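Below are my notes on the model you sent.

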Amino acid sequence: MHPHDQTIFALSSGPLPSAIAIVRLSGSHAGTALQSFAGKMPAARMATHALLRDGNGQPIDDAVVLWFPGPASATGEDVAELHVHGSRAVVAAVFSDLSAMPQMRTAEPGEFTRRAFENGKIDLTEAEGLDDLIHADTDRQRQQALRQLKGLLGDKARRWRDQIIEASALIEAGIDFADEGDVPTELMAPALSRIGQLLVEIESVLSAQGRAERLRDGLTVVIAGPPNAGKSTLMNQLVRREVAIVSPHAGTTRDIIEVQLDLDGYPVTVIDTAGIRETDDPVEQEGVRRARDRAARADLVLWLSDDDRAGVERQGDAPVWLVRNKIDRGPDGPEGVTPSRTESPVLRISARTGTGMVELLEALVSFARDYFGSIESGLITRERQRQLLQQTAEALRRSLAAIDLGEEVMAEELRIAALALGRLLGRVDVEDLLDVIFRQFCIGK
């Protein structure tokens, strides 16, 4: 039997032990398995109390069961759920009995969602949104993923593809009726109008994005600067716990330290690096090399120094903020004076006392907001989606430019545009991509 014809099962709730564990089944034998456990078939979509028994009639657990006959289910197949007590022993007993049943097997990562996709319950953009929602760490990531899961991009892509197919049908009708006087002209005008309007709409989506697709990975902020400038102290202040060793001796930090933060819902990875200086120590040299390499790949560099006149070493194209540290010890004034932004691009703080940290955090949140752009206006959440929309727009432009080359050329460009949108939705030529996307899901989803 083909693996897709087998009934799959998996734990679809959190790690054990837990108060409740949910064992989900999907496939043509889900109903048979449910009836075997519960002794009867519960009413569809109604939570039903049942004493689960194994194949020998011995009780396993007092549980709640649910039955979702296909195709009106999450996967489009027959689906059953066993809500049992979340002990390892109970779940192991259920799994043991399920494994002994014919045509049953454990699910692979993402297989429930993949079956939902293959049965037309969701498109590929919605599956990607579900994956993003599962892995969301911040509230803005959650909001963006939920918008995608609700079909924000997928619904538009389907409408765009239908419009392209309609325009293509008009043009091809003109080809078929080329011998009938004014018919081609009458058909070409509405087709050109539809293509032009569609191109404007897609270009608007592409231009309004900012970096919304980067929200999944987050913003990378590197703390760099000379030794003993207080980089590790600043790192500890930002994350509000001691993750980096603080020492008065220069060169204490030798390796890269990364910590994920949630700044007003924006995911930010803060990286503490080795002090940048010339040194003969081979271990410290490697730390300096890694610091420069990480700064070159950052989205923002905080160059920490205890001197306003200190030079800034730039690596890559990322903006660099000069952060003047140790103001409680320097000429800025006594400890406790609240710093303020000056006309020069310098932030003044004391990483030791926390003075100026509020202003620094506000500046970081503002930078993240500008960097990612508006979540509400962004439809694209992955580079794959952006590339396929760009291919669609380019094909539409070529179709409009080909008006003097003949209807056949225009129709071919429209076919290419429709194919790109089909790939966006996962409906054509994406088998290799599906394996990559769905194996990122957790087992049981």
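**Notes on the predicted model**

1. Lys 445 has a relative accessible area of 28%, so this residue counts as partly exposed. The model is a predicted one. Lys 445 belongs to the segment that follows α13 (431–438). Leaving out residues up to four places away in sequence, Lys 445 touches Arg 24, Gly 110, Glu 111, Phe 112, Thr 113, Leu 130 and Ile 134.

2. Lys 445 is also an annotated position: the unreviewed UniProt entry gives "binding site" for Arg 24, Glu 81, Lys 121 and Lys 445. The annotation comes from that record and may be inferred rather than shown by experiment.

3. Arg 24 is found in strand β2 (residues 18–26). With a relative accessible area of 18%, Arg 24 is buried, because the cut-off for buried is under 20%. Its contacts, not counting residues up to four places away in sequence, include Ile 8, Phe 9, Ala 10, Ser 12, Val 79 and Ala 80. Two other annotated positions, Glu 81 and Lys 445, are also touched by Arg 24. The charged end of Arg 24 sits over the ring of Phe 112, 5.7 Å from the ring centre. Phe 112 is in turn among the residues that Lys 445 touches.

4. Helix α4 (residues 124–134) has 9 of its 11 residues buried, so the helix is largely enclosed by the rest of the structure.

5. Among contacts between residues at least 6 apart in sequence, 62% join residues at least 24 apart. The accessible surface comes to about 21300 Å², with 50% of it belonging to carbon and sulfur atoms.

6. How many aromatic pairs does a search of the whole structure find? The search gives 5. In one of them, the rings of Trp 321 and Phe 367 have centres 5.8 Å apart and planes at 85°, so this pair is edge-to-face. The pair links distant parts of the chain, with Trp 321 in strand β11 (residues 320–324) and Phe 367 in helix α10 (residues 357–372), 46 residues apart.

7. Phe 367 also pairs with Tyr 371: their ring centres are 6.1 Å apart and the planes are at 25°, so the pair is stacked. The two residues are 4 apart in helix α10, which means about one helical turn separates them. Phe 367 is buried at 16% relative accessibility, and Tyr 371 is buried at 10%. Ring pairs join Tyr 266, Trp 321, Phe 367, Tyr 371 and Phe 372 into a cluster.

8. The largest nonpolar core has 32 residues, and Trp 321, Ile 349 and Leu 364 are among those with the most contacts inside it. Elements that each supply at least two residues of this core include β7 (219–224), α8 (231–239), β10 (300–305) and β11. Helix α10 gives the most, with 9 residues. Leaving aside neighbours within four places in sequence, Ile 349 is in contact with residues including Leu 234, Leu 304, Val 323 and Leu 360. A second, separate core has 30 residues, including Met 188, Leu 388, Ala 393 and Leu 425.

Notes. Residues numbered from 1 in each chain as written. Predicted model: local features only at pLDDT ≥ 70, side-chain atom pairs only at ≥ 80, totals over all residues. Heavy atoms only, no water. Buried < 20%, exposed > 50% of the residue type's maximum accessible area, 1.4 Å probe, protein only. Contact = heavy atoms within 4.5 Å. Areas by Shrake-Rupley, 256 points an atom, 1.4 Å probe, with all protein chains shown as cover. Phe/Tyr/Trp six-rings, centres within 6.5 Å; stacked < 30°, edge-to-face > 60°. Lys NZ or Arg CZ within 6 Å of the ring centre and 35° of its normal. Core = buried A, V, L, I, M, F, W, Y, C linked by side-chain atoms within 4.5 Å.
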